[in-house]
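Subject: Structure handover, with notes

Hi,

Here is the structure I promised to pass on. Have a look at it first, and then read on for what turned up.

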Amino acid sequence: MTRTALTGEEVLAAAARLVREHGPAALTMRRLATELGTAVTSIYWHVGNRESLLDALVERTVREMGEIRPTGRTPRARVVSVARALYAALRERPQLIAMVHERGLTERMFLPAQQALVHELHAAGLRGRPAAEAVRAVQFQVVGFVLVERARERSPAQHPSEGELWDSPAAGHDPALARALAAPADPERLFTVALEALVASLLPD
């Protein structure tokens with residue numbers, strides 16, 4: 001049965017879900033109407049044509065990325081929390097982030113996170129060029145890590161693999177290191193290690 005009550009936010013939420021799961025090419029007005037159990041005309045009434053829908057999705061994504069809020073008791077902890085939240089948000093919606101980038105809104109999307117970082121850096125006593133460099137260092141760390149993860153996910157199977165390359169002789173007198181490098185990488189743990197080392201260097205005790 002075709003549903004009658006529908007809001008624009010419900011349309012955008014369903015559209016965002018389709019893009020996250022299947023990519024922008026999967027987002028057609030007919031498929032969206034099927035997902036929502038409504039008529040195609042209802043979708044057009046709420047969001048206009050497909051291009052208008054994509055524009056609205058981009059704006060929604062930018063707003064969501066602006067909802068990052070710092071947590072923690074110290075400026076260093078809050079800087080780390082902003083970076084971790086940004087990292088999680090980027091990983092959750094790569095297809096939508098790509099749409100934002102294609103429309104030239106990447107810098108606007110990152111502005112709220114940058115402003116949150118500036119606030120915490122000021123609270124820690126860092127100002128001027130050092131604060132600006134710290135903001136960019138944290139942002140580049142987050143974005144770079146996400147890009148490396150995406151590249152590794154898309155890369156073909158490696159021959160020889162890390163496990164085959166890092167046998168004990170390759171590590172000299174450190175077999176524990178060889179075993180660790182032969183094991184699959186834990187991206188979240190590596191991100192945390194790298195992030196905390198970076199922030200500690202920017203905001204020493």
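Let's begin with residues 5–65: the span is 77% helix and 0% strand, and its end C-alpha atoms lie 28 Å apart. Helices here are DSSP runs (H or I, at least four residues) and strands are runs of E (at least two), numbered from the N terminus. UniProt lists this stretch, residues 5–65, as "domain: HTH tetR-type" in an unreviewed entry. UniProt positions are in the numbering used here, feature names are shortened, and annotations may be inferred rather than shown by experiment.

Before going further, the housekeeping. This is a predicted model, where local features need pLDDT of at least 70 and side-chain atom pairs count only at pLDDT 80 or more, while totals for chains, interfaces and linings use all residues. Residues are numbered from 1 along each chain as its sequence is written, and side-chain values use heavy atoms, with hydrogens and water left out.

Over residues 28–47 the chain is 80% helix and 0% strand, with 13 Å between the end C-alpha atoms.

Alanine 15 sits in helix H1 and counts as buried because its relative accessibility is 0%; the cut-offs are under 20% relative accessible area for buried, over 50% for exposed, and partly exposed in between (1.4 Å probe, protein chains only). Its C-alpha is 9.5 Å from that of alanine 26, eleven residues away in sequence. Leucine 18 also lies in helix H1 (residues 8–22), and at 4% relative accessibility leucine 18 is buried too. From leucine 18, the C-alpha to C-alpha distance is 9.1 Å to arginine 31, 13 residues apart in sequence, and 9.0 Å to glutamate 35, 17 residues apart along the chain. Glutamate 35 is in helix H2 (residues 29–36) and counts as partly exposed because its relative accessibility is 43%.

**Helix H7**

H7 has 18 residues and reaches 26 Å from its first C-alpha to its last, close to the 26 Å expected at 1.5 Å a residue (the expected span is 1.5 Å times one less than the number of residues).

**Empty space**

Rolling a probe the size of a water molecule over the atoms shows where empty space is left. On a 1 Å grid over the protein atoms alone, a cavity is a set of points where a 1.4 Å probe fits but cannot get out, and a pocket is an open set with protein on both sides within 12 Å along at least five of seven lines; lining residues have an atom within 4 Å of a point. Points are joined across faces, edges and corners, and a volume is the space filled by probe spheres set on them.

- Largest pocket: about 510 Å³, lined by 19 residues, with Ile97, His101, Phe110, Val143 and Leu147 nearest its centre. H8 gives the most, eight residues. The lining divides into ten nonpolar, five polar and four charged (Ala, Val, Leu, Ile, Met, Phe, Trp, Tyr, Cys and Pro are nonpolar; Asp, Glu, Lys and Arg charged; the others, Gly among them, polar).
- Second largest pocket: about 200 Å³, with a lining of seven nonpolar, no polar and four charged residues. Its largest share, three residues, comes from H11.
- Largest cavity: about 40 Å³, and the structure holds one cavity of 30 Å³ or more. Its lining residues include Leu117, Leu121 and Val138, and divide into nine nonpolar, no polar and no charged. H8 again gives the most, with three residues.

**One more thing to check**

Which peptide bond is cis, with omega near 0°? The one from histidine 159 to proline 160. Most peptide bonds are trans. Proline 160 is placed in the loop between helix H8 (128–154) and helix H9 (162–165).

Cheers
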